[in-house]
Structures are given as C-alpha cells and as structure tokens.
Amino acid sequence: MSASRPTPQDLNLARQPSRRAFHSTPTTHFEKPSPSKLSYRVAVSSSGKGRRFNPIKNAYNFDPTGDALGVSKDKNSVSRRRNRPDSGEDAFFVSRIGNRISGHQDTNAEAVAFGVADGVGGWTESRVDPADFSHGLCNYMAHSAQTWHEPAERLRPKNLLQAGYDQVVADSTIRAGGSTASVGVALPDGRVELANLGDSGSVLLRKAAVHHYSVPQTHGFNTPYQLSVIPPRMRSQASVFGGAFLEDFPRDASVTNLEMQHGDVLLIATDGVFDNLNNQDILKLITSRMVMTGAWTAAESGVGVSENLRALAAPGGLADALPTPASPLSKDPANTEPRPEDGVTLQSVLAATIAGEAKIASVDYRRDGPFAKEAQRYYPGDYYRGGKVDDICVVVVIAIDDGVAAGKA
C-alpha cells in the first residue's frame, strides 16, 4: 500500500469499492467439471514504488518443474529481505501443489496455487516494515502448497491463506504488520477457486470479454480488510485511549468459483493495478496483446483462440516479436550467450503490459484513475487528481488445453 494509507489505529477514513466497468457472471458452484484437461502458463510482473520498471527484467515466468516463484528458501531473514523480487511491500507466489514424491503427484501434476499480498503501509509509522508480513505470508502459503499430500482438489485457497497466516503469527521475526491477500487454486479440469481479502482482486477474460471481476472488501474509503499481527503492548496502549486496531481474519475472505476454458486469461493483482486501471483498461490492453501476437483471432464470426497458443506461451515463444536493443553481441551469429528476451512468453508479456501501464498511470496527473475518482466522490472539496503511486504486482494465468486439435480452438 502507499504511504498515504492510514495507520492501523486510524479508522476514521473509509474505502468503498472502486466503480469498475462491466458486470460479472453469477458466482455459482460447479455443476459439471470441464471434460478437458488444462495446464496453466503463469507469469508475474511487479514493480516497487519509486523504482524504474523494465518489462523484461520485471517479469518472471513460472516453471512447474522448479521451485516456487517469488519466494525464498533462505532461512536467514536478512538474506530473504535482500533477495526479494522488485515488488516493494507487495509480494507474490506461484507454486505447484504437492511435492514430486507425493502419492497424488499424477493427479496434481497440472494443479497450481498462486497469490498476491499487499503489505499495509501504515505500519511504517510504528517502525514496522510492511514487506515482512506480505512476503512472509506468500512464503508460507507457497510452502504449504508444495508440501500438500492430498489431492489438489481438497486444497482450498481460504485454508491456504489460513495456513500462511498461522505461520506468520508464529514467526518471531515478524513482530507486527498487516496485509491484504488474493489467493487462487487452479485444477486440471478447469476449476479455479479464489479467496480474496481486501482490495487486491481478480479479473477473468475470455475471447475479448470480461467474465468475472472481484469486488474489493473494505471497511470504508481507503480502509480494506486486512490480516494483522498486533503485539500485546501495542494492543494495550490502544485500549488505554479507547482505540482499537483494524483486524480481519482468513475466514472473512470472499470465495469465488470459476471454470476456465482454453485460451482464458486470469489476472490477480494488488490495488497498485486496480487503483490506476479499471476493467475496461485491462480488457483493452489484454485483448490488444492477445490479438497482436495471434493468441486470439479476430474474424467476422467473433474472437477465437489461435492454434498457436501453446507455442506462444512457451519460453521464448514471443522472442522474435519483440524489438531488442542493437549490440555487437546480438549481431554475432557465433554468440551463444542467452539473451533476456529468449525467456519471453505470452503470459510474461501480458503481465508486464498490465504492470507497465499501471506504473505509467500511477504518475500521470492528467488522467484520473479509479482511486482518484473515488477520492473526488468522497472528498469533493479536496483536490485529488491523476493516478495513485503505489507498489504494483500482477499474476497472469493462461489456460491451455493440450488436447485441442490444431485449428479447432
């Protein structure tokens, strides 16, 4: 969260959900899982507040055969802080579900868990680093997903959030702090369950249309639901003056069930995205990139999914489509050094596009973003214009049906 967010003791301001365009399909339980078997291509893009944004360096592709994305195994807290991704007080994780020696590895092979967390910036006034809570939460959720020993369909994102929160509370190195969170679990049959606490959120796009968007959970303007760790001393001091801390729990998260299809694009992001881009902005950006790269096809009959989607989402699938800086090495055919653009994928381009545009909008004083419009509505006498400078983090998930025949998408 930005430094302008109120301190945990300040409960006078209220934040209402941003007025985002489009409507959502009704949230229902699944009547019949998709017969197709899907795999998921996932990438993340993030940028810390006040940091330069590089669309290649600030994008990270998830490799399901490797370690979890966005977290560190280092047991030393100082090293963990030093090796964090460039996301500021925002944090993220992407992980396979279950380890390789699990008895359910065959059924869990394509299942994936992912999430974002946004540290509450107001804790800095209490000399607490908000990033410790958000990054710790994502670390513990990733570990819980990786060590899951049951079928993936039994892993609920709300329970994953609870497991992460419990471990944060028990972690003596995280003495205080707070965070919002948005967590998801995607299964091979297309079922996706999301749990959202606070003003991070999600958007599902299908063939150039919005099929779902989440509604922020807020106590009032600029006061989202948030998990907290509050030291007894601070709690006692607040009670002396008749105050209280804002304190929500994983059980308060809202749950949404979706069913993804081949070619769908799911985004989950922190409010650094949603305070600066509305759903129409996101739809236009994603549709433009999907059509430009050939991942979605546009015809008189409507928008379809390209037969080349699988190749475009593979590592290096978009390398030839991206301009690269000219250099003597890049022109040398004998040079075999790996280039950063060789790892570019469709999903990393989508993630970097959203993060980059949110970054631009956050410092644009001529274009009022969703946060500015809400501030003007609640405080018409104040002169709040433009975007909202904040940490930014977005996870992009593309669903791919490996059984779809070429040209039948």
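**An open sheet and the core around it**

Six strands make up an open sheet, in the order β2-β1-β16-β13-β7-β8, with antiparallel pairing. The edges are β2 (59–61) and β8, each of which pairs on one side only. From one strand to the next, the twist averages 15 degrees. Two strands count as paired if DSSP finds at least two bridges between them.

Before I continue, a word on the source. This is a predicted model, in which local features need pLDDT of at least 70 and side-chain atom pairs count only at pLDDT 80 or more, while totals for chains, interfaces and linings use all residues. Residues are numbered from 1 along each chain as its sequence is written, and side-chain values use heavy atoms, with hydrogens and water left out.

The chain holds 11 helices and 16 strands. These are DSSP runs numbered from the N terminus: helices are H or I, at least four residues, and strands are E, at least two. Of the 409 residues, 54% count as buried, meaning under 20% relative accessible area with a 1.4 Å probe, protein chains only.

Within the sheet, β1 (residues 38–47) and β16 run antiparallel and are joined by 10 bridges. R41 stands opposite I398 in β16.

Which strands does α10 touch? Packing on the sheet, α10 touches β1, β2, β13 and β16, and its direction makes about 150 degrees with that of β16. Another helix, α7, lies across β7, β8 and β13, at about 45 degrees to β7. The axes are lines fitted to C-alpha atoms, for helices over the stretch in contact, and angles run from 0 to 180 degrees between N-to-C directions.

Of the 17 residues in α10, 15 are buried. The helix spans 24 Å from its first C-alpha to its last, close to the 24 Å expected at 1.5 Å a residue; the expected span is 1.5 Å times one less than the number of residues.

The largest nonpolar core has 36 residues, and I282 and I286 have the most contacts inside it. The largest share of this core, eight residues, comes from α10. Such a core is a set of buried Ala, Val, Leu, Ile, Met, Phe, Trp, Tyr and Cys residues joined through side-chain atoms within 4.5 Å.

Leaving aside neighbours within four places in sequence, I286 is in contact (heavy atoms within 4.5 Å) with L205, V265, L267, W296, L350 and I354. Apart from this core lies another, of 30 residues, including A68, F133, C138 and Y165.

Technical notes. Buried < 20%, exposed > 50% of the residue type's maximum accessible area, 1.4 Å probe, protein only.
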